[in-house]
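Here is a short note for a first look at this structure. Please read the points in order, with the view open beside you.

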Amino acid sequence: MTTSIAAEVRLVSGALGAEVHGIDLNTLTDEGFALIHDLLLKHQVVFLAGQTGLTPQAHVAFGRRFGEVELHPYLPRLDGHPEIVVIDSADGGKVDVWHTDMTFHQSPPIASILHLIQLPEVGGDTMWTNQYRVYEALSAPMRDLLDGLTAIHVIRIGTEFTSRAEHPVVRVHPETGRRSLYVNRLFTSHIPQLTRNESDALLEHLFTFSESPQFTCRYRWRTGDVAVWDNRVTQHYAVNDYDGLRRGQRITVLGDHPTGNEPRWEHYVPAPGERYWPGRVNAVESY
Ligand SMILES: O=C(O)CCC(=O)C(=O)O
Ligand SMILES: [Fe+2]
C-alpha cells in the first residue's frame, strides 16, 4: 500500500499478526486508519505499539471508525465510559480458554480492541489463531460436510442459558469473501444436525485442530500496546502463566449476522429418551 505515513510494519508469525510502530491513536488520521484497516484484513490482528497515553475517548473513537461500539452485557465497565470493559486479573479476568468474542450473540462483534495498561513482570502474553488457515487446511470432504452445517453458541451465567445463537460452521468473510471455520471452545455447544456423540467428537477435533501452533501467533505485550483483531476470523487465548497484576481495557465493535452456505440438513431429532441437549458440558460458566 502506498502511504505517506512513516509507519513501520513487522509480521508477528507466519500465520497472522502485524505490529505497527509510528501511529498514535490519540491523533489518528483517515490515512492512518486506512492503513490499519488494510493490515487487519490481510493479517487478522494488528498490534499498535506504544499507545501508553491512549485516552478512553480516543479508544472509543478508534472503535467507531469500524462501526457501532457495543455495551457489553456482562463484563465490568470502566467508570464514566460504559463502552469500555475492564479485564482485570485481580477480578477473575483471565480468559485462558480459546474463543472468539461473544459468538452467543446474533451479531457477534466484527472487531475487538484491547489496550493493555498494566502487565506482570513476565508472562501474560495473548495468542490468536487464523481461522482461514484452519479451514483451508481441512480435507475437501471435511470442508464439504462443514459447509452444510450450523452450530449453536451459548453463554451460561450460573445455571441459566442467558444468550443463544445459531451460526454457520463455516462463515464467509463479508469483506474478503474468504471462508473460515467458525466454532470455538468457550461458546460453541453443539452442531444441531448431528447426534450428540457425533457433535461432541467433531467439535473436539475442530477445536484441537484450530489450536495447532502453525495457525497461531503469540504476542508479548509492553505496557500501553493495543491489539485490534478481526473477530470474524480469529480466536484468542490469554496465557495464564503469571503472578502479578494484569489489566486491560477493551471495546467491541458490533457486527452483522455471520453468513455462510444454507444448511443442507434439518436438525437431528433425538429418539425418545436419547441423551442429547445440552451437548458439551464444558460450555462456558461465565464470561
Ligand atoms: O486478556 C487478554 O489478553 C484477552 C482477553 C480476552 O479474551 C478479550 O479481551 O476478549
Ligand atoms: Fe476474548
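Where does Gln-44 lie? Gln-44 lies in the loop between H1 and E3. The points below start from there.

1. Basis. This is a predicted model, in which local features need pLDDT of at least 70, side-chain atom pairs count only at pLDDT 80 or more, and totals for chains, interfaces and linings use all residues. Residues are numbered from 1 along each chain as its sequence is written, chains are lettered from A and ligands numbered from 1 in the order in which they are written, and side-chain values use heavy atoms, with hydrogens and water left out.

2. Gln-44. Gln-44 is not a glycine, yet its phi is positive, about 70 degrees. Gln-44 is also buried, at 2% relative accessible area. Here buried means under 20% relative accessible area, exposed over 50%, and partly exposed in between (1.4 Å probe, protein chains only).

3. Helix H1. Gln-44 follows H1. Helices (H or I, at least four residues) and strands (E, at least two) are DSSP runs, numbered from the N terminus. H1 has 14 residues, which should span 20 Å at 1.5 Å a residue; its end C-alpha atoms are 20 Å apart, which agrees. The expected span is 1.5 Å times one less than the number of residues.

4. The buried face of H1. Gly-32, Phe-33, Leu-35, Ile-36, Leu-39, Leu-40 and His-43 are the buried residues of H1. They fall within an arc of 155 degrees seen down the axis, so they line one face of the helix. The arc is that of the directions from the helix axis to the C-beta atoms. An α-helix has 3.6 residues a turn, so residues three or four places apart point the same way. The cover over these buried residues includes strands E1, E2, E3 and E14, and also H2.

5. H1 against H2. The axes of H1 (residues 30–43) and H2 (residues 56–66) come within 11 Å and cross at roughly 65 degrees. Axes are lines fitted to C-alpha atoms, for helices over the stretch in contact, and angles run from 0 to 180 degrees between N-to-C directions. H1 gives Asp-30, Phe-33, Ile-36, His-37 and Leu-40 to the contact, and H2 gives Phe-62, Arg-65 and Phe-66. Contact means heavy atoms within 4.5 Å.

6. Met-102. Met-102 is another residue to check. Its phi is positive, about 55 degrees, although Met-102 is not a glycine. Met-102 sits in the loop between E5 and E6. Met-102 counts as buried, at 0% relative accessibility.
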